[in-house]
Amino acid sequence: MEANISYLESVKKQFLYYKMLGEKAIHQLEPHQLFVSLNDDTNSIATIIKHISGNMLSRWTDFLTSDGEKEWRNRDAEFENDLQSKEEVLTVWNKGWDCFLNTLNDLKPEQLSDIIYIRNEGHTVIEAINRQLAHYPYHVGQIVFYAKQLKNSEWDSLSIPKNKSGNYNAEKFAKEKEIKNFTDDELKRLK
């Protein structure tokens with residue numbers, strides 16, 4: 001049971017970290033840049049956000065009791081951009097994250113071995129969380145990469161700035177060894 005508690009604490013911190021990375025990238029852009037798509041095979045940041053949110057709402061609504069691919073979800077429509085403003089994009093972003101994080105926060109350690117279904121395929125709750133721990137950061141990485149390309153002025157680094165690894169490591173190794181999640185310091189630094 002102790003391992004389950006540690007697991008839940010760890011994944012909550014990691015998801016919050018990736019949410020914050022996405023938000024820090026989004027906030028560095030001009031509103032119109034959220035809607036830029038380089039060609040027919042690329043998605044704008046707004047479209048990526050619409051997809052992530054649609055996935056979160058489908059997967060995490062009635063998480064323990066209904067299939068994660070809801071009948072009301074129209075996945076294909078998530079890739080059609082109908083959002084018009086940065087405010088709309090952030091509303092969609094927050095709606096998905098709120099649904100997901102509220103469900104994650106409500107999970108009990110003893111529920112991690114329960115079976116849930118996504119498209120009729122059984123997953124333990126741990127497997128379902130891990131599936132999204134790969135999926136959501138994948139898309140956040142796309143958002144960050146795209147935002148760096150679109151940024152018209154200096155980029156405020158979201159990780160270790162270029163040519164600053166030595167300083168970063170020196171600071172880390174100057175401290176005593178301790179057991180903690182890597183996100184503890186990163187979430188404070190990014191705020």
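**Helix H1**

I began with Lys-19 and Glu-23, which are 4 residues apart in helix H1 (residues 2–26) and are therefore separated by about one helical turn; helices here are DSSP runs of H or I with at least four residues, numbered from the N terminus. I then found that Lys-19 forms a salt bridge with Glu-23, with the closest N and O atoms 2.5 Å apart, where a salt bridge is a side-chain nitrogen of Lys or Arg within 4 Å of a carboxyl oxygen of Asp or Glu. Both Lys-19 and Glu-23 are buried, a word I use for under 20% relative accessible area, with exposed for over 50% and partly exposed for what lies in between (1.4 Å probe, protein chains only).

I noted that this is a predicted model, in which local features need pLDDT of at least 70 and side-chain atom pairs count only at pLDDT 80 or more, while totals for chains, interfaces and linings use all residues. Residues are numbered from 1 along each chain as its sequence is written, and side-chain values use heavy atoms, with hydrogens and water left out.

I also looked up Leu-21, which lies in helix H1 and counts as buried because its relative accessible area is 10%. The C-alpha atoms of Leu-21 and Asp-106 are separated by 23 Å, and the two residues are 85 residues apart along the chain.

I moved on to Thr-47, which has its place in helix H2 (residues 45–60) and counts as buried because its relative accessibility is 4%. Leaving aside neighbours within four places in sequence, I found Thr-47 in contact (heavy atoms within 4.5 Å) with Glu-78, Phe-79 and Asn-81.

I next checked Lys-50 and Asp-82, whose side chains meet in a salt bridge at 2.8 Å, N to O. This pair links distant parts of the chain, since Lys-50 is in helix H2 and Asp-82 is in the loop between H2 and helix H3 (86–106), 32 residues apart. Lys-50 is buried because its relative accessibility is 15%, whereas Asp-82, with a relative accessible area of 46%, is partly exposed.

**Salt bridges across the structure**

How many salt bridges does a search of the whole structure find? I recorded 6 salt bridges from that search. One of the pairs I looked up is Arg-73 and Glu-69, whose side chains meet at 2.9 Å, N to O; Arg-73 is buried at a relative accessible area of 9%, while Glu-69 counts as partly exposed at 21% relative accessibility.

Terms used:
Helices (H or I, at least four residues) and strands (E, at least two) are DSSP runs, numbered from the N terminus.
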